[in-house]
Amino acid sequence: MSTLAQAFSCISDYDPNALTVCRAQEIILGLVAPLSGHERVFIKRGLNRVLAEDVIAPLNVPAHDNSAMDGFAVRHADLAPSGETRLNIVGTAFAGRAFEGSLKPGDAVRIMTGARVPAGLDCIVIQEDTRVEGPAGTAVVIPPGQRAGQNFRHAGEDLRAGQPALRAGKLLRPAEIGLLASLGQVEILLHRRLRAAIFSTGDELVSLGNPLQPGQVYDSNRYTITTMLERLGCEVIDMGVVKDDPATLEKTLQAAASCSDVIITSGGVSVGEADFIRSLMSRLGEVAFWKIAMKPGRPMAFGKIGNTGNSPWLFGLPGNPVAVMVTFYQFVRPALLKMMGAQPAALPTFRVPCLKPLKKAPGRTEFQRGLLLQDQGIWSVQPTGAQGSGILSSMADANCLIVLEHERGNVAAGEIVCVQAMEGLV
Ligand code: AMP
Ligand code: MG
């Protein structure tokens with residue numbers, strides 16, 4: 001018996017014709033594994049990629065005690081316990097230009113945000129709370145009520161030298177790239193980029209640049225899939241449109257298998273079409289054809305192509321454009337993140353009231369397209385019009401998916417629903 005079939009047979013209550021969304025996600029995540037192969041790259045090239053090593057801070061950040069505000073650095077012990085205190089201004093500390101003079105009791109130093117705090121001074125009084133007096137502004141009056149250590153940033157309070165600043169497996173976003181720069185790190189060791197070969201199947205599909213004949217549609221799936229993959233930091237190998245013809249399909253699958261870590265196709269897995277693809281795929285590899293209890297996206301193929309050497313995973317997504325995006329986010333995205341070496345965290349989910357009633361059949365998970373709205377700080381959601389799985393404008397108008405659980409029935413206006421935000425913030 002082959003390995004994938006063995007793996008499926010070990011899964012309790014595995015029924016390819018009635019998988020829940022959760023079960024399908026678990027099966028996929030249980031099978032895919034991180035790719036091997038690393039490369040050292042300039043940090044700016046690291047966006048959306050995954051660290052392959054812990055980064056130990058080589059220095060403290062900040063490197064020295066400094067001021068969090070513009071104001072005056074003073075010695076707390078010089079301040080009167082009640083009433084105002086008048087101190088002599090003996091100089092200024094700028095960010096990047098320290099105060100080098102000596103200090104006597106009763107001295108204060110004018111200080112800017114980020115400037116090193118002169119040794120012996122332990123309290124920063126913000127400028128707005130002070131009054132400068134004396135001939136040519138040589139004295140500062142400090143009001144009572146100051147605390148020792150206030151407005152002080154301590155050396156190492158952000159990152160401490162010798163401690164891990166970032167762990168292997170961390171997906172790099174702008175915050176992490178900036179953090180690496182704050183450590184002076186120029187290059188980092190990353191998991192190599194994942195190579196995804198993609199193609200669309202269907203006799204009716206036309207590539208951009210060609211006129212549409214009656215009965216034809218432009219191939220939009222390759223564009224959504226390519227750009228979803230690019231957002232994940234993958235390298236995309238675009239193999240075009242493939243007609244529903246076994247010989248061409250076989251050639252394309254073999255070519256894709258020789259150059260990729262994962263193959264993502266759309267179309268050709270629905271009941272009406274699956275038969276010849278099914279027999280082709282069982283010759284070229286091991287692929288299961290699933291019926292998932294979900295809407296949109298019920299049919300999906302998952303498995304491996306190629307039995308020797310390079311044998312990439314295959315995701316055969318349904319053809320309908322909305323089903324493509326929904327199945328990509330629910331099944332492909334977490335699997336690819338795991339292959340890229342990251343922790344495949346689920347998309348953030350929130351519970352909000354739904355402003356309109358929704359039709360929903362129990363016994364499947366539905367992913368309706370929604371628009372999260374805010375009214376005076378209170379969030380709610382409403383569906384984005386017609387919800388057919390071919391209506392891509394329902395995705396374009398949406399900023400979230402309304403996830404209606406497997407057992408749930410119709411939703412009345414005002415009921416709480418779960419939504420998955422589709423926007424990435426950081
Ligand atoms: P299929 O899953 O191949 O039966 O296709 C289901 C529906 O999706 C049909 O209406 C197809 O025309 C449409 N479709 C399939 N592939 C694409 C594509 N690449 N771009 C746009 N629509 C597609
Ligand atoms: Mg088709």
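At 4% relative accessibility, Glu366 counts as buried, the term being applied under 20% relative accessible area, with exposed meaning over 50% and partly exposed in between (1.4 Å probe, protein chains only). The structure is a predicted model, in which local features need pLDDT of at least 70 and side-chain atom pairs count only at pLDDT 80 or more, whereas totals for chains, interfaces and linings use all residues. Residues are numbered from 1 along each chain as its sequence is written, chains are lettered from A and ligands numbered from 1 in the order in which they are written, and side-chain values use heavy atoms, with hydrogens and water left out.

Glu366 belongs to strand β23 (residues 365-375); helices (H or I, at least four residues) and strands (E, at least two) are DSSP runs numbered from the N terminus. Its side chain makes a polar contact with the side chain of Gln368 at 3.0 Å, where a polar contact is a pair of N or O atoms within 3.5 Å and, within protein, one must be able to donate a hydrogen and the other to accept it, residues adjacent in sequence counting only if both atoms are side-chain atoms. Leaving aside residues up to four places away in sequence, Glu366 touches Lys295, Lys359, Lys360, Ala361, Ile402, Val403 and Leu404, contact meaning heavy atoms within 4.5 Å.

Strand β23 pairs with β25 in the antiparallel sense over five bridges, pairing being assigned if DSSP finds at least two bridges between two strands. Within this pair, Gln368 stands opposite Ile402 in β25, while the bridge partner of Ile402 in β26 is Val419; β25 and β26 (residues 416-421) are likewise antiparallel, over four bridges. Because five of the five residues of β25 (residues 400-404) are buried, this strand is largely enclosed by the rest of the structure. In a regular strand the side chains alternate between the two faces of the sheet. In β25 both faces are covered, with Cys400, Ile402 and Leu404 buried on one side and Leu401 and Val403 buried on the other.

An open sheet of six strands has the order β16-β13-β17-β21-β20-β18, with mixed pairing. Its edge strands are β16 and β18, each of which pairs on one side only, and the twist averages 15 degrees from one strand to the next. Strand β20 (residues 299-305) is joined to β21 by four bridges in an antiparallel arrangement, in which Ala301 has Gly316 of β21 as its bridge partner. Helix α4 packs on the sheet, touching β13, β16, β17 and β21, and its direction makes about 165 degrees with that of β13; such angles run from 0 to 180 degrees between N-to-C directions, the axes being lines fitted to C-alpha atoms, for helices over the stretch in contact. Helix α7 also packs on the sheet, touching β17, β20 and β21, with its direction at about 170 degrees to that of β21.

Ligand 1 is surrounded by 15 residues, the closest being Glu204, Asp219, Gly268, Glu273 and Gly319, where a residue is near a molecule if one of its heavy atoms lies within 4 Å of it. An oxygen atom of ligand 1 is 2.5 Å from an N or O atom in the side chain of Glu204, and a nitrogen atom of ligand 1 is 3.1 Å from a polar backbone atom of Ser220. The protein covers 78% of the 480 Å² of accessible area that ligand 1 has on its own, as computed by the Shrake-Rupley method with a 1.4 Å probe.
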